[in-house]
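Thanks for coming. Please keep questions for the end.

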Amino acid sequence: MDNLTDNTGGTDYTSQLEPVSSAIPVHVQAAVQQLKDGYFQRVDDLYVRYNNVSSAPSALIYIHTIVDPSILERDLLPYLNQAVEHSDAGKKLFDRLKQYIPIGQIDHTTDMAYVAYMLLQGQVVLFIEGEANAYLFQTKLIYQRAIDEPSTEPSTSGAKEGFNESLDTSMALLRQRIRSPLFKNKKYTIGSLTQTRVVIAYIESVSNPAVIKEIERRIGSVELDALQSSHQLLEFIQDQRYTLFPLIAKTERTDRIVQHLLNGGFAIIVDGTSSTLYGPINFLELLHAPEDHNFSTWAGTFFRMLRFTAMLITIFMPSLYVALSSFHPDLLPTFLTYSIIAGRERVPFPSIVEVLLMEGTFELLREAGIRLPKIVGSTISIVGALVIGESAVNAGIISPQMVIIVSITAICSFTIPNYSLGVGLRLIRFIFIMLAGTLGFFGIVFCMMFLYLHLTGLRSVGVPYLTPVAPFRRKEMRDSLLRYPAPKLNTYSEFLAEDVNRLRFPEPAPTPNDRK
Amino acid sequence: MDLSEKITPLQVAGLIALLVATQNHVFAPAIMARFAHEDIWISSLLSAAGAFLFCVYAVWLAGQFPNLTLIQFLSVLLGRWIGKAIGILYLGYFICLTVIYVQMLATSFKTLFLPMTPLIVFVVLIVLFCIYGAAQGMSVLGKMSTLVILALLLAMLLLIAGTLPSVEMSNFLPIRQSTWFNIFHASLFNLASFTQSIVVTMLFAFVQPDKMKYAKKYVIWGSMLTFVVTSLLVIEVNGAFSPNQLEMLTFPTVELITLFNFGTFFERVESIFVSVWGAAMFLVIGMLFTSCLIIIRHLLGRSGRSASKRFSLLFGAAVLLLCLYYVPNTQKLSYFMLHYWTYLSLVFQVGIPLLLGLACLVARGRMSHADNTDA
């Protein structure tokens, strides 16, 4: 018999499957029994089909819930008898199987643990009498929803396609947009129970090798029983665990990921999750939308400035109102002060209680709106905000100015493109309100400096979070808060790219007239 | 506080400029008016010129020992024991400086805006910020400095431009009414703040050696710009108030801000300007606090690796106690600063550094003499 080299890929499956691996018996019955006893006791969806018709008795084993029956019926069973009826063995048999059976991925192993592992991946296993090898056929059944626009990240003028829960589809979407052999990806399997596939994707010669090495190290060191979502993985690999700010971002939009990869970043796709992780990121990048590049440079810059201002309003407006009305009314114009005093005349609470009441109610409405069915949810939000707001003003619980403040703050918080950042800022807003209510401007200044210190100290996979502001990088400001014309954006980020001197295209970029 | 963490020349210049720009205009104009009367402007210009020369000297001194902080090169220059003894004195100086800045920030906000709030509340929050700042390290504080100094200088320039109509030339006249001695004496109060640029000897160790040339240039010109702007502010205070009025004011610059009008919309903007100044003060205090911890570690013979959180907490508690018992209110603080600290600080900021420079030249002369003899 020709010898076959074992083909398990060097992966340690014994740590993921108990009991420990063992050799495959040459008798079919014994092999099936060992597999069942060792790994699949009380597993009723494991099917075994014995074949005693051909000259070599064999057994076909699979988990029928994860195997595609059409592949089984169409591509495997009709050709199996023909393939095994000769008295070939070892390499000759394997070659014959590959020759006769029209399935792309056919493999073999002598390791029973690997057999069990591959059964769980949706493969069909073939034991043949007298063979110490098991033959594996890829027949995985793939359930996936259609590719559509992400509901949480709508696109006005960009691509409408978003990732879905299938890792292979997500990779295909990326491959369709980056048709280069430099587009690399590395696969991991995380979770001893879930066996979740994870892929790191990046563009070689663009991304910084130190960053890629670091993220590979972090993912490689993750050990857990079940990986169910990309966010779960994120908590294991981000630089700091107790921060309110996302240090590795998530998105369902393919154009955002492609843009990030082209800038020198990496993406992490987790099977079973539509949110793809990407990094390293910086704070200002979280205020970008891919559409910014689909408008003129002025419009793009305006939208970014608008979002930045909205972010500042989200953080500061309620706390400034509290500080001004409680401690520094002299700063306001006299007539505005009179107006605020008149509005608050019937209100029995200090302004801090008023703000906390309103902001708390608004957060409740927002949470209720998300949990309820879509149609009811939006109704609840609108009715709740209008009815409760007006009733509270009429009842003298809150002042009319407060409704305006909370409404503007809420509208501004919705302009932040990154949901995780929005949540973080909402929480920080409460800290600002409480300190402004107790210490006025001093409280705000303290909070602001503490926040600035915290943000400056943060790193995303080793890259300063507040770059290009702190540390200041003049060239990188071109595509941060500002959006320069595309021909000016020919440099890579100092922290993201392998070679910052390498240009995306020559400088100065040729004008259409030059090209003539 | 890891010396392996590096900061850029711009960041060093930002930190030094912040240190210089936050103090002199707070209390000094009032006592300067007591000595120089109408000639405060001459004192201000003299102190700015002197401070510039001293800044060049401090940068030269710091550049003699790249990668070493003041405490480390004291031992190299003067030997282990004398170096350590002077190092301990400098630790005291830095602690005093930290306490003064903490108190200045706390009492300013308390006096101006929140008179009913206990001082301890302010001090605790400031110390908390310092502890967190020390945990983040000097490089993070350096990164923050560039934006904050920009905001502070812009606010000061806006204030100078906005209150220009309030300046009366008669407040500068007659010229040279005071004696030269009094004019020089008054300039010391400004100089005491300006010569804090000696802190550069603690910061140059964090600069990458290949960028030292730029660091020197940035610090000198950054400090120069700050001297000019803050001196202009003091001169403006001099122009807006008569010397007799000025002597009576506790916070002359805040009084100047009340003269600032932004159209008819904002009537009283002092809380905004004081908040910008407060933000800068937080950063300066964080830097001084972190420098103190670095000094302690170097005195204990430990370098590299950051200080433990427990140690930072202990030191923070010590600063808190010093603040509460040493200078518990604005009057005591301004009295201490203007009557004792001005003269004492000049010893540490000018006197000892000059001697160190001399020692450095002597040591270098000996070394070259020894080289010649060997040859």
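Take Leu76(A): setting aside neighbours within four places in sequence, its contacts are Leu60(A), Ile71(A), Ile101(A), Ile103(A), Val124(A) and Phe137(A), where contact means heavy atoms within 4.5 Å. This is a predicted model, in which local features need pLDDT of at least 70 and side-chain atom pairs count only at pLDDT 80 or more, while totals for chains, interfaces and linings use all residues. Residues are numbered from 1 along each chain as its sequence is written, chains are lettered from A and ligands numbered from 1 in the order in which they are written, and side-chain values use heavy atoms, with hydrogens and water left out.

Leu76(A) sits in helix H2 (residues 69-84) of chain A; helices here are DSSP runs of H or I with at least four residues, strands are runs of E with at least two, and both are numbered from the N terminus. Its relative accessibility is 0%, so Leu76(A) counts as buried. The classes are buried under 20% relative accessible area, exposed over 50%, and partly exposed in between, with a 1.4 Å probe and protein chains only. Pro102(A) is 26 residues from Leu76(A) in sequence, and their C-alpha atoms are 7.3 Å apart.

Now the cores. A nonpolar core is a set of buried Ala, Val, Leu, Ile, Met, Phe, Trp, Tyr and Cys residues joined through side-chain atoms within 4.5 Å. Which residues touch the most other members of the largest one? Out of 211 residues, they are Phe245(A), Phe442(A), Met449(A), Tyr90(B) and Phe204(B). That core takes at least three residues from each of domain 2 (156-281 + 492-516) and domain 3 (311-464) of chain A; the domain bounds come from an automatic or database domain assignment. A second, separate core has 23 residues, among them Val32(A), Tyr39(A), Val115(A) and Leu119(A). In soluble globular proteins, nonpolar side chains tend to be buried together.

Phe204(B), not counting residues up to four places away in sequence, touches Val12(B), Val59(B), Ala62(B), Gly63(B), Met212(B), Ala215(B), Lys216(B) and Val219(B). Also in chain B, Asn24(B) belongs to helix H2 (residues 24-36) and is buried at a relative accessible area of 1%.

Next, the chain interface. How many residues of chain A are in contact with chain B? There are 26, and they meet 35 residues of chain B. Together the two chains bury about 2,800 Å², with carbon and sulfur atoms giving 76%; buried area is the accessible area (1.4 Å probe) that two parts lose on being put together, summed over both. On the chain A side, Leu331(A), Phe442(A) and Leu453(A) lose the most area to chain B, together 25% of what that side buries. Between chain A and chain B there are zero salt bridges, a salt bridge being a side-chain nitrogen of Lys or Arg within 4 Å of a carboxyl oxygen of Asp or Glu.

Within chain A, the centres of domain 2 and domain 3 are 35 Å apart, taken over C-alpha atoms. Contacts link 19 residues of domain 2 to 18 residues of domain 3. The area buried there is about 1,500 Å², 71% of it from carbon and sulfur atoms, and that interface too has zero salt bridges.

Over all chains, the structure holds 22 salt bridges. One of them joins Arg197(A) and Asp168(A) at 3.2 Å, N to O. Arg197(A) lies in strand S7 (residues 196-203) and Asp168(A) in helix H5 (residues 167-177), so the pair ties together parts of chain A that are 29 residues apart in sequence. Arg197(A) is buried at 18% relative accessibility, whereas Asp168(A) is partly exposed at 35%.

Arg344(A) and Glu354(A) form a salt bridge with closest N and O atoms 3.0 Å apart, and both residues are buried. Glu367(A) and Arg371(A) form another, at 2.9 Å. These two are four residues apart in helix H11 of chain A, which means a separation of about one helical turn.

Last, a charge without a partner. Glu476(A) is buried yet has no salt bridge, and the nearest side chain of opposite charge, Arg473(A), is 5.1 Å away; Lys and Arg count as positive and Asp and Glu as negative, with His and the chain ends not counted. Glu476(A) lies in the loop between strand S12 (463-464) and helix H15 (512-515) of chain A.
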